[in-house]
Structure formats: C-alpha cells, structure tokens
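I opened the model and kept notes as I went. The entries follow in the order of looking.

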Amino acid sequence: MTEPVMGSDSSALAHHIGEVALVDQHVHGCWLNAGDRQRFENAINEANTEPLADFDSGFDSQLGFAIRNRCAPVLGLPHHVDPQAYWERRSQFSEAELARLFLRAAAVSDWLVDTGIDGVADVTQLSQLSGGRAHEVVRLEQVAEQAARAPGDYASAFDEILRRRAATAVGTKSILAYRGGFDGDLTEPPASQVAEAASRWRDRGGTRLCDRVLLRFGLHQALRLGKPLQLHVGFGDRDCDLHKTNPLYLLDFLRQSGETPIVLLHCYPYEREAGYLAQAFNNVYLDGGLSVSYLGARAPAFIARLLELAPFRKILYSSDGFGPAELHFLGAALWRNGIHRVLRNFVNSGDWSETDAIRVVDLIARRNAARIYHVGAAGE
Amino acid sequence: MTEPVMGSDSSALAHHIGEVALVDQHVHGCWLNAGDRQRFENAINEANTEPLADFDSGFDSQLGFAIRNRCAPVLGLPHHVDPQAYWERRSQFSEAELARLFLRAAAVSDWLVDTGIDGVADVTQLSQLSGGRAHEVVRLEQVAEQAARAPGDYASAFDEILRRRAATAVGTKSILAYRGGFDGDLTEPPASQVAEAASRWRDRGGTRLCDRVLLRFGLHQALRLGKPLQLHVGFGDRDCDLHKTNPLYLLDFLRQSGETPIVLLHCYPYEREAGYLAQAFNNVYLDGGLSVSYLGARAPAFIARLLELAPFRKILYSSDGFGPAELHFLGAALWRNGIHRVLRNFVNSGDWSETDAIRVVDLIARRNAARIYHVGAAGE
Amino acid sequence: MTEPVMGSDSSALAHHIGEVALVDQHVHGCWLNAGDRQRFENAINEANTEPLADFDSGFDSQLGFAIRNRCAPVLGLPHHVDPQAYWERRSQFSEAELARLFLRAAAVSDWLVDTGIDGVADVTQLSQLSGGRAHEVVRLEQVAEQAARAPGDYASAFDEILRRRAATAVGTKSILAYRGGFDGDLTEPPASQVAEAASRWRDRGGTRLCDRVLLRFGLHQALRLGKPLQLHVGFGDRDCDLHKTNPLYLLDFLRQSGETPIVLLHCYPYEREAGYLAQAFNNVYLDGGLSVSYLGARAPAFIARLLELAPFRKILYSSDGFGPAELHFLGAALWRNGIHRVLRNFVNSGDWSETDAIRVVDLIARRNAARIYHVGAAGE
C-alpha cells in the first residue's frame with residue numbers, strides 16, 4: 001500500500017491487513033486509451049446508463065469522495081483534493097501510466113479477469129501493468145455468441161468453445177442478472193429445446209443473448225465443467241431489473257447445482273440473503289465486489305453485513321474494477337480499510353481474538369480464492 | 001433550534017447543521033382543533049389504523065421516546081419527562097400555540113405542503129404559524145376526484161384542474177402506494193381506456209380512486225406537467241401493501257419518465273433500493289421523510305443508509321409532519337442530530353473532509369430542493 | 001450469568017441486564033444422547049441440510065466464534081479457546097451435564113417449548129435440567145398429523161386434539177414458512193374443502209403436511225383458540241424458500257386475524273418488515289430468536305434493527321435453542337450483550353434515559369411474554 005490505511009493502529013491485525021497480498025477474484029480490464037472528463041465522471045456512476053445530467057457530478061457521491069480521498073495520494077496529491085485539481089493531475093498521465101500506479105498500489109497478487117467486455121486491457125496487459133499474475137474468467141454469454149457464429153450444432157459448438165477456453169481459465173461467469181434475472185425456471189433444458197432456441201437466435205443474428213433456454217443451457221454446461229461459476233448479483237447498471245436479481249430466486253437452482261462452486265458477486269442490497277445462501281449450500285460463495293467501492297465511507301457497514309451468516313471460508317474479495325484504474329485500487333483500499341474497521345471492533349469488544357481476526361483476513365483476502373480457483377503461489 | 005442538538009461538538013460542521021434553514025419538501029398541515037390523549041397517542045403510531053390496544057401506549061416507541069426527549073424542552077420541560085407530565089403540559093396550550101412553538105423551533109424556511117388531507121392547517125396557516133414560506137404540492141388523486149365531479153370529459157377536466165392548481169404549486173404527489181402499489185403496468189393508458197374507466201368510476205360515485213387506468217393517467221399527466229412528482233414509498237399505514245411499494249417495481253416507469261423530477265418519499269425499508277434508483281436515473285430523488293421521526297434513536301443508522309448509493313445532489317429533507325406539531329419539529333431535530341452523527345463519523349474517520357460534509361449538509365438541507373422546486377430565497 | 005457480559009460497565013443498566021431472569025418464549029429441547037464432532041459442527045450450521053463439506057468447519061462462523069468465546073468459560077476454559085480444545089473439553093461431559101451447566105447459566109425463569117421436534121429433552125426434562133419452569137407450545141402441523149391418524153372427521157379430530165393439548169399449553173406454533181411460505185391465500189377454507197383435502201392427505205399417508213387448505217385450517221383454528229400463535233419467519237434451513245417467508249405476505253391474514261397474539265419468530269433478514277407489522281397490528285409481536293445466536297459479534301446490529309418501528313411492548317426474547325445446550329445459553333448471553341450494547345449507546349447519546357432503558361429491558365426480557373402467555377411469577 002502506498003500509505004497506511006489503518007490510521008494510528010499499530011497492531012498486528014492492522015499490519016497484516018495492510019500487507020496481505022489480495023486475490024482480486026473478479027475484475028475487468030482498465031482503460032488504455034485516453035478520454036475526457038465526461039467519460040471519467042460517467043464511469044464512476046455505475047447504475048446510470050445515460051450521460052450524467054448537467055447539474056450533477058460523478059464526484060458528488062461516496063465513490064467520488066473516496067477517489068478524492070484515497071486515490072489522490074497515489075498521484076501525489078493531498079487527501080480530499082478538489083475534483084478539478086484531481087482531474088488536472090490525472091490528465092498529466094496516460095491511462096497506462098495510471099494503471100501502473102494504481103494496479104501496483106492495490107497490492108494484488110492475482111487478478112481473475114472477466115474478459116467479457118472489450119476495449120480495455122486484456123489478461124496479459126493487466127499482468128504486465130500490475131506486476132501480478134492474471135487469469136481468465138470466461139463469460140458464458142460470450143461463449144454463446146461465439147457458438148452462434150460457429151458452424152454446425154449449437155450445443156456441440158458451445159461445449160467445444162467452453163472447454164477450449166476454460167482449459168487456460170480459472171472459472172466462468174454469467175450475467176443472467178442482466179438477461180431477465182433469476183426468477184423463473186433455471187433447470188437444464190432438453191437438447192431439443194436448445195436446438196430450437198439456438199436456431200431461432202441464429203436467425204435473429206445471434207447477438208445479445210436473452211433467450212432463457214440458451215442462458216439456462218450455458219449455466220448447466222458451466223456446472224458440468226466444474227470450475228467456479230460467478231454470478232452477477234444485485235447492484236449494477238439499470239439495464240438489470242434489480243428486484244429480479246435477489247439471489248433467493250436461485251434457491252431451486254442451487255439445490256440442484258452439485259459441487260461446482262457458485263460465487264455470488266457484489267450482492268448489494270441482497271448481501272444478507274447471499275450470506276444465508278453461503279451458509280445453506282456447501283458450494284456457494286459470495287463477495288462484496290463492486291459495492292465496496294461505490295459505498296466509500298459506508299463500505300465498513302456493508303462489509304460487516306457480509307460477515308453475518310456467511311461462513312468465513314465462503315467469503316471472497318474482488319474489486320470488479322473496470323475502466324478507470326482508480327477502481328482496481330479503490331476496491332482494495334476500501335476493503336482493507338473496511339475489514340480493519342469491522343474486525344478491530346470485533347476484537348475490541350472482546351467478541352473475537354486478534355489471532356482469529358488475522359486468520360479470517362487471510363481467508364477472505366486470498367486463501368478461500370486460492371482454494372477454489374487453484375491460484376496463488378504457496379507461502380504467500 | 002431551541003437548544004444545541006450536537007452535544008459538545010463546537011466544530012464548524014456542528015454549528016452549520018444547527019443553523020441551516022431547511023426546506024421541508026414534503027409536509028402536511030398540523031392540527032388546529034383540540035383533541036384528547038387517545039387522539040395524540042394514536043397519531044404517533046403511523047402504521048396502525050385501529051385505536052391502540054389498552055395494554056399499549058404510543059409513548060412506548062422510538063417516536064414516543066424522541067418526543068419526551070426532544071419536544072419536552074420546547075415546552076419548557078426536562079429531557080425524558082414522563083408521558084403523563086408531557087401530556088399535562090401539552091394540554092396547557094392550544095394546538096395553534098403548539099404549532100407556533102414547534103414549527104418555529106424547526107427552523108424551516110420553506111414548507112412544501114401536500115394539501116391532500118383535510119382537517120388540518122392549510123398552506124396559508126402553516127406559513128403564518130411558522131413564520132416561514134409555504135408552497136402547495138397538489139395531490140393527483142384529489143385532482144382525479146375533482147375531475148370526477150366536474151362536468152364533461154374526464155381527461156380534459158383532469159388536465160384543466162391540474163394545470164390551474166399547479167400554476168401556484170411547486171409540485172405534485174401521488175399515493176399510488178396506497179392504491180395497489182407499484183407492481184404491474186404503469187404505462188400511459190390510451191384515451192379510450194381513460195374515458196371508459198372514468199365513466200365506470202363516476203357511476204360508482206367517484207370517491208377513493210383505486211382504478212389503475214386512472215391512476216396511471218394521473219401519473220403521466222404529472223410527468224407532462226414537468227414539476228417534481230412526489231411518490232409515497234414504503235412505510236405508511238397498513239392500508240398499503242408494503243411489499244408492493246418496493247420502488248424497484250417502478251423501474252419500467254422510470255425508464256420512460258423523461259426529465260420530470262421524481263421524488264421517492266420515506267422509503268423505509270427500501271431506502272437502499274431508492275438510493276440505487278437515484279443513482280440510476282438523472283431525474284430520481286429521495287428523502288427519508290416520515291421514517292426519520294419514527295426511528296428516533298435509530299434515525300442516524302437510517303440516514304447513513306440514505307447516504308450509500310444516492311448521489312449527494314439527489315437527496316432531500318422532509319418531515320412528513322401531519323397532525324401533532326411535534327412531528328414538524330421532530331423531523332428537523334432528528335435529521336439535524338442524525339446527519340451530524342453520520343457526517344461527524346465520516347470526518348473523524350478521515351473519509352470525508354469537514355468542508356465537504358458542510359457542503360453536503362447544504363445540498364440535502366435546502367439546495368437540492370431549491371433547485372428542483374425553485375423555492376428558497378437567494379443567499380440563505 | 002457465569003460472568004459479567006457487560007465488560008467494565010458498572011451502571012444500573014448493565015447490572016439489570018446481567019441479572020434479569022428471561023422468559024425464553026420459543027425454544028426446543030436440548031440433546032440428551034451422545035454424538036460425535038460431526039454432529040456438533042453440523043448442528044451449529046442452521047441453513048445447511050447436508051453434512052458440511054470437508055474443507056469447512058462449523059466453528060468458522062460467527063456462531064462458532066461465539067461458542068469459543070462465550071461458552072468456553074462455562075466449561076472452565078479461556079475465552080477464544082481453539083475448536084479442538086473446546087471439543088475435547090465438551091466431550092468430558094454427558095449431554096445432560098452440559099444441559100445442566102448451560103441451561104442454568106442462561107438464567108431463564110420460563111422456557112416455552114415447541115415440542116414439534118422429537119429426539120431431544122421434553123418439557124419436563126427441560127424444567128429439571130434448567131431448574132426453571134417449562135411450558136408447552138403446541139405445533140399445529142403435529143396436531144394435524146395426529147388428526148390424520150385419528151378416526152372420524154378430520155376437522156373435529158383436529159379441534160379436539162388441539163383443545164386437549166392446548167389446555168396445558170401456553171400457545172401454538174406453525175411452520176407454514178416451511179410448507180410453501182406465506183405467499184397466497186391464507187383465508188379460512190370452507191368445511192367441505194377441509195374434508196376433501198383431509199381425505200386426500202389421509203389417502204397419501206398423512207405425513208409431512210403440505211396441503212395449503214389444511215395448513216390454513218390449522219392457522220384459523222389456532223386464532224379461534226385465542227392463545228398466542230407463533231410463526232416461523234425468515235432464517236431457518238434451506239428447505240424453506242426464504243423469499244416466500246417475508247412476513248409482509250401475511251398482511252391480508254393479519255388484517256383478518258382479530259385479537260389473538262401472533263408472534264413472528266427469528267425474522268432475519270425481514271426484521272424491519274416484522275417491526276412494521278408489530279406497529280401496524282395490535283396483536284402482532286416479534287422476536288429475534290435464532291438470528292441472535294447465529295449473528296454472534298453482529299447480533300448487536302440486528303437487535304438494534306429490532307428496536308426500530310416495533311413498539312416496545314411488542315418485542316420478545318427467545319433463543320430457539322435446539323440440540324447443543326450451548327444454543328440455549330448463547331441466545332441469552334448474546335441477547336444480554338447485544339441489548340446492553342444498543343441501549344448503552346442510546347443512553348450515552350442522550351436519546352434515552354437510563355430509567356427508560358431499564359424498563360424496556362424488562363419488557364423484552366419477560367414482561368411482554370408474561371402478559372401474553374400468562375407465565376412468570378409475580379414480583380420477578
């Protein structure tokens with residue numbers, strides 16, 4: 001870390017939280033091409049899909065305040081620098097230079113990269129820019145689009161592409177949340193239905209998969225593959241019907257999901273429901289992902305709720321960084337700050353021992369992810 | 001304020017919170033006619049529509065404790081005075097005298113008055129009693145009832161009445177939450193359906209509008225008008241099906257709502273969902289309204305959640321005071337106390353600067369409301 | 001209490017919370033027969049119905065940490081003892097000996113025992129082991145199964161069995177949450193439908209009642225009986241569809257429920273919705289039950305949310321202890337710790353007086369339960 005995030009706490013717990021190398025188990029590429037201030041301000045509003053209104057500013061939010069407070073020092077500026085000064089300073093660097101600064105400041109050893117969004121750094125570039133290892137997470141809806149364009153039987157093509165790509169990847173990811181949500185039948189469709197649905201979809205051009213039969217087919221292929229399956233849950237942009245992404249709608253699917261790890265991402269405002277599922281199913285995991293960055297000063301309260309019903313071996317860390325490299329750093333900085341605030345409180349109240357707190361930090365920061373994704377070098 | 005609400009905090013932030021004149025952007029009239037203790041105790045239970053049970057007391061609640069703590073000093077009594085002594089002291093004043101004491105103690109410069117409930121002080125009286133400015137908010141379901149009684153075409157009558165009343169009003173309000181909730185189709189109905197529905201409703205007497213076609217018609221007329229449209233969301237009395245007032249059911253409506261500001265009121269227990277919508281749509285705002293008063297000692301925790309995903313230029317203040325003038329005051333007193341508790345914590349933890357905190361107080365206390373309702377004198 | 005739970009707080013409030021004898025208004029029997037460590041670890045995971053995965057441990061959870069912290073001293077071990085040492089020490093006692101230690105350490109005067117689960121201590125045994133009074137709560141679905149096996153008309157048999165058993169019981173309990181949840185029609189079915197449904201069910205063997213007609217019949221018989229009716233709400237094992245146990249689905253049922261007290265149990269993650277219902281209906285009550293134990297270090301945050309909209313005369317205490325006697329004790333220990341943390345904060349902030357806080361402790365700890373169940377000796 002570029003500076004202590006734990007204030008004046010010189011305890012072993014604070015030290016450990018500041019030093020532990022993270023596995024960022026769900027992240028996208030950062031920008032590599034230049035852009036204007038409007039792009040930046042829109043990129044720090046997740047939910048809105050339109051340009052911000054004239055009267056508004058992306059800086060006037062918890063995330064905006066967190067950038068001015070925690071990213072400013074990485075660029076050599078004081079805490080709480082004003083938006084204009086931040087923007088001017090940021091503009092003195094290329095996006096690649098910013099990436100090198102912020103990604104390294106995150107102190108992440110392994111990035112698990114969802115490559116489903118183009119136009120940003122790829123897996124190799126993320127590794128080079130950060131100085132860490134990077135691994136691919138294959139987006140199922142992208143595999144489906146590739147299968148739609150492939151010759152021959154859709155199901156065979158999907159299976160072949162998935163297995164080929166997954167051979168060098170650590171997991172899969174679905175954005176079912178953005179394609180109708182979790183409500184409704186999520187059982188495996190019969191082959192005949194898959195063939196018919198694929199035929200219809202190919203006739204329509206085979207872009208932006210919304211067909212529920214094919215979405216369900218993809219999920220069950222991922223279960224069969226056995227590598228961890230990540231699901232976007234809750235908070236995201238307004239294209240998703242947030243109330244249909246309550247993870248409790250996944251109950252029937254989870255009851256039939258076998259042993260493949262299923263990782264619920266972001267989870268706001270359903271983090272307590274997600275924690276329940278992590279307790280209820282041996283193969284269910286969760287992280288706070290995107291939500292931690294966007295909650296800024298309120299992230300500790302959210303992180304505390306992640307630590308309610310979820311067993312401690314089922315909680316992971318991710319930033320969901322995408323676009324501005326600030327987000328790849330802020331996820332880590334706010335998680336370190338938040339977990340410290342929460343666990344310091346548990347220890348001070350006598351509820352937890354400091355030794356236990358340090359062990360739980362390790363589990364969430366990297367050991368749980370290392371176990372299910374088989375990443376991370378021994379001894380780290 | 002009649003006394004410092006910030007305890008021993010002598011900071012610029014505490015001073016500013018104590019002094020800032022509020023725009024109470026959603027309020028009703030206070031009582032002017034005398035009533036007994038039973039009326040009072042029932043009035044401080046929002047959700048129950050029946051008389052309180054014999055074994056119960058309206059005072060044994062967070063709101064009751066807040067009245068005894070924060071309203072007592074306004075009447076010259078000590079903090080935490082017992083219910084009987086509070087009631088006896090209160091009984092020495094007329095309701096108009098109580099209104100003058102409590103409304104002035106709220107330090108509100110502008111009251112935005114939903115005139116949809118009769119039998120209480122009207123806009124002019126609220127202004128006179130408080131010494132502040134008062135502006136009307138027109139309730140759409142009342143306009144509908146007026147249109148039902150008007151001669152000729154319902155839609156034309158509704159339009160004419162709405163435009164006439166809105167000429168001197170600052171916004172509109174809908175209680176769709178109490179008339180079936182937000183679930184289901186909220187698109188604009190075709191004229192022929194409106195005419196048919198109006199004819200049926202007029203035949204049935206034209207009272208208590210529950211027809212979804214006419215409710216939808218009213219909403220879209222309000223959008224067309226362009227003045228801010230307030231929607232009751234969440235916590236209210238048990239006539240509403242609380243689970244059907246989850247504001248996420250408004251997603252499709254909001255996606256089509258254009259630029260007319262839409263203000264989500266009260267929001268408990270959906271304040272996090274409402275905050276998401278305020279981030280997702282340039283025209284969506286929220287307040288904590290009624291919930292702040294009813295949460296009493298727990299109001300700071302609620303106010304903190306209002307400050308999660310909602311951009312700071314999209315959050316407003318209101319009391320939703322109705323009936324006992326204590327509520328017009330308590331909304332303000334508990335908001336000042338709560339926002340101080342929350343922002344003091346953000347500043348002390350290093351997450352926010354005090355300068356930023358003071359600016360956010362201004363945005364929520366009055367500047368956001370002044371901008372969208374065009375109220376409040378310059379320089380205040 | 002075996003040791004102070006209030007840390008260094010020597011106030012009257014802390015003293016009172018430490019000393020007050022509780023009415024545990026919803027509990028099951030504790031184990032009497034020996035078992036291995038796997039049984040124990042599975043028993044401290046509520047939601048999972050399968051054996052814990054090899055990589056997991058029931059100890060790595062808030063409940064597991066709370067056992068190591070708070071139960072260890074009852075067995076003469078230091079706080080935060082490691083799982084292996086805890087298990088070894090625990091194994092030196094029989095389950096009956098553990099029950100005597102933990103039940104007495106809970107300082108409960110009255111246990112209200114749901115006898116719907118076999119294979120654990122019964123009412124009489126709980127009384128003997130704890131040295132307190134024990135009273136039965138009759139599970140309606142068990143009455144239904146008894147009526148299914150009885151000769152003659154089902155409805156008459158149900159009524160006869162319920163009245164006979166209820167003569168010596170203090171209330172009834174339904175697990176409708178586990179039998180399809182609260183969504184849908186909950187009105188009283190006509191006699192002809194009951195007879196038909198009973199006939200069908202008897203033909204299928206009359207076990208595990210899932211028929212909605214018969215479930216509804218049972219609920220309305222319990223309302224007619226007039227003794228408090230407990231409903232499992234929210235958190236439980238994964239056999240229940242958690243999203244169908246949102247208590248807001250009970251609104252129509254509650255609107256027709258008359259004066260019979262209805263007690264919402266556990267409530268996580270719907271404790272705020274349950275609090276609203278307790279304010280909205282004179283006959284609705286709630287507790288935090290099971291959730292308090294499972295939240296461990298996070299229980300204070302949960303208990304604080306229970307104290308939002310619910311009137312203070314409508315909140316109860318329970319442990320929902322079942323199986324390991326640790327749970328009968330931990331419910332009490334964590335509730336005392338949590339209510340102290342929350343109310344100490346209310347008092348320190350000036351929101352509540354200490355006198356009020358002590359009175360609210362009494363209401364929740366025993367007076368509310370004593371009033372509705374007619375238990376507890378005068379003067380306690």
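**Entry 1**

I began with A:Pro269, which sits in the loop between strand 6 and helix 12 (271-280) of chain A. Helices (H or I, at least four residues) and strands (E, at least two) are DSSP runs here, numbered from the N terminus. The peptide bond joining A:Tyr268 to A:Pro269 is cis, with omega about -5°. This is a predicted model: local features need pLDDT of at least 70, side-chain atom pairs count only at pLDDT 80 or more, and totals for chains, interfaces and linings use all residues. Residues are numbered from 1 along each chain as its sequence is written, chains are lettered from A and ligands numbered from 1 in the order in which they are written, and side-chain values use heavy atoms, with hydrogens and water left out.

I then went to chain B. There B:Pro269 lies in the loop between strand 6 (262-266) and helix 12 (271-280). The bond from B:Tyr268 to B:Pro269 is cis, with omega near 0°. B:Cys267 is in the loop between strand 6 and helix 12 of chain B. Its phi is positive, near 75°, and it is not a glycine. Most residues other than glycine have a negative phi, and most peptide bonds are trans.

Is B:Cys267 buried or exposed? I read 0% relative accessibility, so B:Cys267 counts as buried. Buried means under 20% relative accessible area, exposed over 50%, and partly exposed in between (1.4 Å probe, protein chains only).

**Entry 2: the core**

I looked up the largest nonpolar core and found 387 residues. Such a core is a set of buried Ala, Val, Leu, Ile, Met, Phe, Trp, Tyr and Cys residues joined through side-chain atoms within 4.5 Å. B:Tyr86 and B:Leu264 are among those with the most contacts inside it. Contact means heavy atoms within 4.5 Å.

**Entry 3: two buried polar side chains**

A:Thr260 is in the loop between helix 11 (251-255) and strand 6 (262-266) of chain A. A:Thr260 has a relative accessible area of 6%, so it is buried. A polar atom of its side chain lies 2.6 Å from the backbone oxygen of A:Leu223. Beyond four places in sequence, A:Thr260 also touches A:Gly226, A:Lys227 and A:Asn283, among others.

B:Arg90 lies in helix 4 (residues 83-90) of chain B. With a relative accessible area of 3%, B:Arg90 is buried. Its side chain makes a polar contact with that of B:Glu95, at 2.8 Å. A polar contact is a pair of N or O atoms within 3.5 Å; within protein, one must be able to donate a hydrogen and the other to accept it, and residues adjacent in sequence count only if both atoms are side-chain atoms. B:Trp31, B:Phe40 and B:Pro324 are among the residues that B:Arg90 touches.

**Entry 4: helix 16 of chain C**

Helix 16 (residues 354-373) of chain C has a kink of about 55°, centred on C:Leu363. The bend is the angle between axes fitted to the seven residues ending at a residue and the seven starting there. C:His374 follows the helix, with a positive phi near 55°. At 71% relative accessibility, C:His374 is exposed.

**Entry 5: symmetry**

A rotation of 120° with 0.0 Å of shift along its axis superposes chain A on chain C (RMSD 0.0 Å). The two copies are thus related as by a three-fold rotation axis. Superposition is by least squares on C-alpha atoms of residues with pLDDT of at least 70 in both.

Technical notes
Expected span 1.5 Å × (residues − 1).
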